[in-house]
Amino acid sequence: MRQAVAVAVTKHRLDSAVLQKLPTDSPVVASLGAAIASLPTYQKAFADAPPAFTEVGLRYSHYTEDSLDKDLLVFGDRDRYDIDVTQLWIEAPVGGAWSVAFDVQNDSMSGASPWFVGTNLDGEPGVIMSGASIQDNRVEVGVTTRYFWADGNAGFNVTHSDEDDYEALAFSFDAAWNSDDNSRTWSASASTSDDSVAPVKEAIPVFIDQEELDTQSLYFGVSQVLTSTSIVRVGLSYTISDGYLTDPYKLADQRPSEHERVTLNTGYRQYFVEAGGALKMDYRFYNDDWGTDSHTLEVAWQQSLGRHSLTPYLRYYSQSQADFFSVIADTSTDFYADDYRLSSYGAITAGLRGTVMIGDWEVEGQLERYDSDNSFSLYGGDAAPGLVDFWRATVGVTLRFD
Amino acid sequence: MSLQVSSLGHVFRWCAVLIALNTSLTASDSVSAETATIKVPAPDFVLPVIANGKGALAMDDLEGSVVYLDFWASWCGPCRLSLPALDTIYQELKDQGLIVAAITVDAVEEDALDFLQRYPVSYPIAFDSSGDVPSAFAVNGMPSGYLIDRSGNVRALHVGFKRGDEVALRDEIIAMLEE
Amino acid sequence: MRLLRWVAMVTLLSSTVGCSNIEAVPAWERGYLAEPGMQWELSRREAKFAGHVYTSKEASSGGSGAAGGGCGCN
C-alpha cells in the first residue's frame with residue numbers, strides 16, 4: 001500500500017540559500033564554505049524555456065461590421081466592412097537555446113467606410129459613406145528569433161506589412177529576465193516602424209500621393225508571483241509617431257503630425273483549485289497628446305475541462321474625444337476630424353472561446369460581439385454617428401510535434 | 001522609405017543597454033558551471049513508488065550506486081524533454097551501475113501518470129505532493145536533477161533542461177561511474 | 001513631454017517593485033501557475049489579432065508589448 005509508506009525526510013537538508021546562489025563570489029556562499037559553493041550547476045531554471053516542440057498553426061477569422069443605422073445615413077451604401085483574416089505560423093526550437101517563429105497573416109477587406117459627417121433633412125448629423133465598395137488585401141510577414149538563457153530570454157522581430165495603399169516595416173527587440181528566486185520577471189521592449197501611405201484614388205477623392213510615418217515605442221514591465229495561485233503585472237508603454245497621421249480617405253480630416261501616447265497596464269491572474277479555473281483581469285489606462293484618455297477593463301474566466309478549456313470574457317472600453325474632434329468637422333481650425341474613432345464613446349465586447357485537444361492537435365473556436373455607443377462612455381461628449389458594431393468568429397488548429 | 005535617424009537612435013541606444021545587461025547576466029551564469037570537487041551528503045527520504053516499481057524509494061537503499069535523482073512535474077515544459085533523455089542515458093548505463101530515479105512533485109498523482117502515458121520511461125517514479133523532499137533538496141526549478149556518487153554525496157546539480165544538455169550530463173555520469 | 005513622464009514612472013515602478021519583498025513560491029508548488037488560464041494571453045496569435053482589431057477601431061493603442069506593423073485601418 002502506497003499510503004503505508006510515510007513521506008520522511010531524515011538526516012539533514014541541503015541549504016537552499018547555497019544552492020540558489022551558486023556563483024562562487026557570493027559572500028553568503030563564501031561564509032558557508034568553498035566546498036559547497038563549487039557544486040556545479042549546468043544551468044538555472046528556465047522561466048521561459050525554449051519551446052519543447054515545433055508548433056504549426058492555422059487560424060481563420062471573419063468579422064462583419066453591422067450596417068449603418070438608416071437614421072444615421074445621409075448618403076451612400078449602409079453596408080460597412082467585411083474582413084477575413086488568415087493567420088499561419090510555424091515556431092520551432094533551434095539547437096538548445098534558440099527558437100524561430102515565422103508568421104504570415106492575410107487580411108482581406110471589402111465594403112465601405114464613412115467619408116464625412118454632414119446633416120440630414122432634419123438637421124441631424126448623419127454619415128456620408130464612401131461610394132463604391134472598396135477592396136483591399138493586406139499581407140503581413142514576420143520573423144522572430146529568440147535566445148534563451150538561464151534567467152530569461154531576448155527576441156528580435158522583423159515584420160513587413162503590405163497592402164494596396166499602405167506599407168510598413170517594423171523592427172522590435174524585447175527581453176525578459178527573472179529574479180534569482182524566479183518569482184519576479186522584468187521585461188522591456190523597443191520597437192520602430194517605418195510606414196508609407198499611398199492612397200488608392202478610385203472611389204473617393206484623395207489629396208495626397210504618398211506620405212511617411214515613423215513610430216517608435218518603448219515598453220517596460222514587471223510581473224510578480226504573489227502566491228502559488230496568483231500573479232500580478234504592471235507595465236508602462238510610451239509611443240511616439242511622427243509624420244502623416246491624417247486619414248486620407250476622409251473628406252474633412254487634418255491631424256497633427258506628431259502623436260505621443262503613454263499607457264499604464266496592469267494584469268492579475270488567480271487560479272481557483274476547487275473550480276479548476278482561472279480568473280483573468282486586465283486594466284489599461286491610456287493617455288495621449290491629442291487630448292484622448294481611455295480606460296480598458298477585461299475580465300475572463302478560463303475553465304479547464306481536462307485538457308480542454310472554455311473561456312467566457314467581457315471587455316469594457318471608454319475613451320474621451322480628441323481635442324480637434326467635432327461631430328461635423330470644423331475646417332476653420334488648424335486641426336479637425338469627424339472620425340468616430342476620435343469621438344467620445346464606450347464599447348462592450350462579450351465573447352466565448354473554447355479549445356479542444358485531440359492528441360497533438362489543438363482546435364480552437366471563438367465568437368465575440370462588439371457594441372459601441374456614446375451613452376456607454378465615461379466621458380460624455382457628443383455622439384458621433386459613425387460608431388461601429390461588429391461580430392467576429394474565429395476557428396483554428398495548432399499541431400505540436402517533435 | 002526614410003528612416004528617421006534621430007529618433008531611431010533612441011531606440012537603438014535602448015537596445016544596446018538591454019543587450020549589455022543580458023550579456024552580463026549570461027556571463028555571470030556561465031561562471032558557475034565549473035569542476036565538481038565537493039561532496040554534500042544527500043538528504044535521506046522514503047517515498048512511495050507510483051510507476052516502474054513497487055513499494056518505496058529510499059535514499060538509504062540507493063547507496064553504493066551512482067544515482068541521478070530527478071525532480072519533475074507534469075506541468076513542467078522542459079520535463080517533456082528531460083524524462084525521455086534521462087531514459088536513454090539510463091538504458092545505456094544501467095548495466096554499469098547507474099540508477100535513475102525520479103520524484104514527481106505533482107499535487108495530483110493521476111496528472112503524473114497521464115504524463116508518463118505520453119512520455120513513457122523505464123526508471124522508477126516516486127511521488128511527493130507534500131513538498132518535504134524537494135524542500136530538503138532545495139529544489140529551485142523544474143526539472144532539478146541531482147547526481148549522487150556511490151557514497152551518497154550530491155556532486156552536481158542540473159536545473160532546467162534544454163536540447164543537447166544530455167550530452168554533458170552523460171559525460172558527467174560516465175566520469176562518476178569510472179571513479 | 002510624455003517621454004520624461006514615462007521614464008519617471010518606469011524609475012518609480014522599478015524601484016518600488018525592486019525593493020519590495022514577497023516570499024517566493026517554491027519551484028515544486030508552481031503547478032497552478034503553469035495552468036493555461038494563468039498565462040497573460042489567451043494565445044499569442046489571438047492577442048496579436050485582437051490587438052490589431054482594437055487598434056484599428058479605437059483611438060487607443062499600446063500596452064501589450066512592442067508596436068506592430070501595418071494599418072488595415074479601414
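Analyst: This is a predicted model.

User: In what order do the elements of chain B run from the N terminus on?

Analyst: Read from the N terminus, their order is α-β-β-β-α-β-α-β-α-β-α-β-β-α.

User: What share of the residues in chain B is buried?

Analyst: The cut-off for buried is under 20% relative accessible area. Chain B has 179 residues, and the buried share of them is 54%.

User: Which share of the contacts in chain B with a separation of 6 or more comes from residues 24 or more positions apart?

Analyst: Contact here means heavy atoms within 4.5 Å. Among the chain B contacts with a separation of 6 or more, residues 24 or more positions apart account for 70%.

User: Now the interfaces. How many residues of chain B are in contact with chain C, and what area do the two chains bury?

Analyst: On the chain C side, seven residues take part, and they contact 11 residues of chain B. Carbon and sulfur atoms carry 77% of the buried area. The total between chain C and chain B is about 700 Å².

User: Which residues of chain C lose the most area to chain B?

Analyst: Three residues together make up 72% of what the chain C side buries there. They are Ala27(C), Trp28(C) and Gly31(C).

User: How many salt bridges and polar contacts link chain C and chain B?

Analyst: The chain C side that touches chain B has five nonpolar residues, one polar and one charged. The salt-bridge count across this interface is zero.

User: What area do chain A and chain C bury between them?

Analyst: Here 93 residues of chain A are in contact with 54 residues of chain C. Ser228(A), Leu236(A) and Arg341(A) supply 9% of the area on the chain A side, more than any other three residues. Of the area buried by the two chains, 58% is on carbon and sulfur atoms, and the total is about 6,400 Å².

User: How many salt bridges does the rule find across the interface of chain A and chain C?

Analyst: One pairs Glu91(A) with Arg44(C), their closest N and O atoms being 3.0 Å apart. The salt bridges number eight.

User: Is Arg184(A) buried or exposed, and which residue of chain C has its backbone oxygen 3.0 Å from the side chain of Arg184(A)?

Analyst: Arg184(A) lies in strand β11 of chain A. Its relative accessible area is 10%, so Arg184(A) is buried. Within chain A, its side chain makes a polar contact with that of Gln224(A) at 2.6 Å. In chain C, the residue with the backbone oxygen at 3.0 Å is Ser20(C).

User: Where does Ser326(A) sit, and which backbone atoms does its side chain reach?

Analyst: Ser326(A) is in the loop between β18 and β19 of chain A. Its relative accessibility is 22%, so Ser326(A) counts as partly exposed. Not counting residues up to four places away in sequence, Ser326(A) touches Ala337(A) and Asp338(A). Its side chain reaches the backbone oxygen of Ile328(A) at 2.9 Å and the backbone nitrogen of Asp330(A) at 3.4 Å.

Definitions and conventions:
Residues numbered from 1 in each chain as written. Chains lettered and ligands numbered in written order. Predicted model: local features only at pLDDT ≥ 70, side-chain atom pairs only at ≥ 80, totals over all residues. Heavy atoms only, no water. Buried area = accessible area lost by both parts, 1.4 Å probe. Salt bridge = Lys/Arg side-chain N within 4 Å of Asp/Glu carboxyl O. Helix = DSSP H or I, 4+ residues; strand = E, 2+ residues; numbered from the N terminus. Buried < 20%, exposed > 50% of the residue type's maximum accessible area, 1.4 Å probe, protein only. Polar contact = N/O pair within 3.5 Å; in protein donor to acceptor, adjacent residues only side chain to side chain. Nonpolar A, V, L, I, M, F, W, Y, C, P; charged D, E, K, R; others polar.
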